[in-house]
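Hi everyone, thanks for making time for this one. I'd like to walk you through a single chain today, so please have the viewer open.

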Amino acid sequence: MCAAGRRWGRRQRALLWGVLLATWEAAWGQLRYSVPEEMPKGSFVGDVAKDLGLQLPELRDRGVHILDKGRTQYFALHGKTGHLVTAERIDREQLCERVQQCVLRCELIVEGEMRVYGIQVEITDINDNAPSFREAETELRMSEMTAPGWRFPLAEAEDPDSGRNSLQSYELSGDEHFSLAMQTGTGGDQRPELVLEKALDREEAAFHELVLRASDGGDPARTGTTRIRVMVVDANDNAPVFSQAEYTVRVPEDVPVGSVLVTVTATDADEGLYGHVKYSIKKITDKASQTFQVDSDTGRITLLRSLDFEIGDTYELEVQAHDTGALFDTAKVVVTVTDVNDNAPKMTVSSMLSEISEESPSGTVVALLHVQDSDSGANGEVQCSLDGDVPFRLEKSFEDYYRVVTARELDREQVSEYNVTVRAADGGSPPLQSSAVLVLRVLDVNDNAPVFEEERYSARLAENNAAGALVLRVRATDADWGQNARVRYRLSEGRVRGAPLSSYVSVQAETGALYALRSLDYEEVRELQLWVRAEDGGAPALSSNVSVRLLIVDENDNAPQVLYPPAAPSGGVWSGVELAPRSSEAGALAAGSLTRWLVLAVAAVSCLFLAFLLLLLALRLRRWHRQQLLPANSGALRGVPVSHFVGMDGVRAFLQSYSHEVSLTADSRKSQLRFSGASCCDTLPARPLPDDPASLLGDEDHA
């Protein structure tokens, strides 16, 4: 009970030390823990969340998990507690055969940060294995002529535990003729040897029974035994002797099965039956026993199955040569396996983005890769590269991890999707390589305004169009994608003849079709100038404008109007007179050379009007001269307001309008020009004023 308590205390101290060490190393991207072997599944290894400074909700939000490399997973991350726990029962001796320090490695990935943390877990040994011998009973043949003090090598025990829990001592019991001695091997290991203490006598005892016990240093100690049966035979003077104490051979890992790796040779100086030598492998591991075999007659060591440098690079065998008289010799055989470039680099995409915004800055991490080559030396040195001219580059992250980051800004309008090929090649000759393709879609950002297909638009529309008539279509395209590329059209505000522009035309928001909302009249509006705006669906939206010129085309929609004679008032009768020659026939026009006469008539009227003005000026001069002669209180033009005259170099003239009627005939010798008093307004009276019986023009004026 006390021993169990001490073991539990040691485990707890080891766990505490492991936690303290892990906390110190977390800042360096490396976590270290320690856990005893043979712990049940789900046992606590370390508090990863605490060591990385992560809260429990962040474990799910940031995608924290143990990276799966396609091999047995011995550890798992508990999602609720953030603890690293064992996923399988771990047998240190199975995983780390003949290794003093057993360390298992795994990687913890934080996808939200594209970071990788290395985790090293040392598997500490417990005394769960007792020393054992390959054979439960061993038979030795010894000549009765053997001198005391002669040493015979014994089979060694195997204990896969390490440290104090491994094999520590041997003990021999059973007969006074023999004792046990320890011989230190070349590798520092202790080898048991049977020492003959007293001379043998076959007639006294034909065989001797011995027990060899092996013990480890565990608490409590574990032991293993083998029985040794010594057969006493007749005299045999010479033992076999190997040509060399140690044989060393180097073979490539791709050597064919069945190949002879090395031949050991031993000779015996005896003749006859005692000089015949047999070979056997006395000391070999379970793995090596399935890989090599020795021909008992020839000493040829052949290969039973394929070698793999990555599984085992060195094998040690102990070969024994013995004669029929039970005398023997041993030799050591060391087989060194050399690496062959038979493993291509293995590339694993640990984490990656499937899409990235085109406005992402340079250096944005898009993928995390793990590259590993099981070969050694130059064959295991891996170089990674990207194929083609792509806006990405590779960066070394942690140990065998690489990050793919953006090398420059992206432009979705140039390339909307990338197929990035990452290639890994080793240093072998010829090199082996592997690749992975990363498919990355570039997300659009509203960085392009709509662009019209034409710099300006113009159209011609006949007047008197129907309301709602299609005038033209404007079209703009946007190089962006999705909602950012959706273009809508609208009119810029404006006014035409005081009315809003939108009351004349409208534009369809989706298609850009421009419609006339009313019937246009060339005599009112001959041209419309307007602006159409195209706006995308981004946030914020981008827009552009284009000018549209709409020309109204005249149509013959107005009949000629008669300017003279003017139209008679409603119900009235036109008072003008038209004369026609007597020789006119029925259906003939009232003027044969009407145009020529009209021109002459207009010229005559103009001359008369000019003569009238000259006459009026002369009258004004005459009246002014008379006023200078008459007294100041003379009432020549009493009753006429002064406002009816205007000064022109001292002469007053009428301001008010006058009216006249002209009657012209094409074939008449008489023309009539009549000034109508009724049609004049604000003119001087036609008859003389009461105080002036003389006419306005005077006698000479009438003449």
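Let me begin with a term: buried means under 20% relative accessible area, exposed means over 50%, and partly exposed is what falls in between, using a 1.4 Å probe and protein chains only. With that in hand, find Met-114, which is buried at a relative accessible area of 7%.

Two housekeeping points before we go on. This is a predicted model, where local features need pLDDT of at least 70, side-chain atom pairs count only at pLDDT 80 or more, and totals for chains, interfaces and linings use all residues. Residues are numbered from 1 along each chain as its sequence is written, and side-chain values use heavy atoms, with hydrogens and water left out.

Now the overall picture. The protein chain has seven helices and 46 strands; these are DSSP runs numbered from the N terminus, with helices being H or I of at least four residues and strands being E of at least two. Of its 703 residues, 37% are buried. For contacts, meaning heavy atoms within 4.5 Å, take those between residues at least 6 apart in sequence: 65% of them join residues at least 24 apart. The chain exposes about 41000 Å², and carbon and sulfur atoms supply 51% of that; the areas come from the Shrake-Rupley method with a 1.4 Å probe, and for residues only the protein chains shown count as cover.

Back to Met-114 for a moment. Its phi is positive, about 50°, although it is not a glycine, and it lies in the loop between strand E6 (103-110) and strand E7 (115-124). Glu-38 also has a positive phi, near 65°, in a residue other than glycine. You'll find Glu-38 in the loop between strand E1 (30-36) and strand E2 (44-47), and it is partly exposed at 23%.

While we're on backbone geometry, here are two cis peptide bonds. One runs from Asp-219 to Pro-220, with omega near 5°, and Pro-220 sits in the loop between E13 and E14. Another runs from Ala-539 to Pro-540, with omega near 0°, and that proline is in the loop between E41 and E42.

Next, the cores. A nonpolar core here is a set of buried Ala, Val, Leu, Ile, Met, Phe, Trp, Tyr and Cys residues joined through side-chain atoms within 4.5 Å. Which residues have the most contacts inside the largest one? They are Tyr-489, Val-532 and Leu-550, in a core of 30 residues. Several strands each supply at least two residues of this core, including E36 (488-491), E41 (527-535) and E42 (543-553). A second, separate core has 27 residues, among them Phe-242 and Ile-301.

On to charges. In general, side chains of opposite charge can pair when their charged atoms come close. Our rule for a salt bridge is a side-chain nitrogen of Lys or Arg within 4 Å of a carboxyl oxygen of Asp or Glu, and by that rule the count is 19. Take Arg-191 and Glu-156, whose closest N and O atoms are 3.3 Å apart. Arg-191 is in strand E12 (residues 190-196) and Glu-156 in the loop between E9 (151-153) and E10 (167-173), so the pair ties together parts that are 35 residues apart in sequence. Glu-156 counts as buried at 14%, while Arg-191 is partly exposed at 25%. Now look at Arg-441 and Glu-355, with closest N and O atoms 2.5 Å apart. This pair links strand E31 (residues 433-443) to strand E25 (residues 355-357), 86 residues apart. Salt bridges that share partners also join Glu-156, Arg-191 and Glu-318 into one network.

Last stop: residues 597-619. The unreviewed UniProt entry lists them as "transmembrane region"; its positions are in the numbering used here, feature names are shortened, and annotations may be inferred rather than shown by experiment. In the model, that span is 100% helix and 0% strand, with its end C-alpha atoms 32 Å apart. Phe-609, Leu-610, Phe-612, Leu-613 and Leu-614 form a nonpolar surface patch with about 450 Å² of accessible area together. Patch residues have over 30% relative accessible area and no salt bridge; like charges are joined within 9 Å, and nonpolar side chains (Val, Leu, Ile, Met, Phe, Trp, Tyr) within 5 Å. Leu-613, in helix H6 (residues 594-629), counts as partly exposed at 39%.
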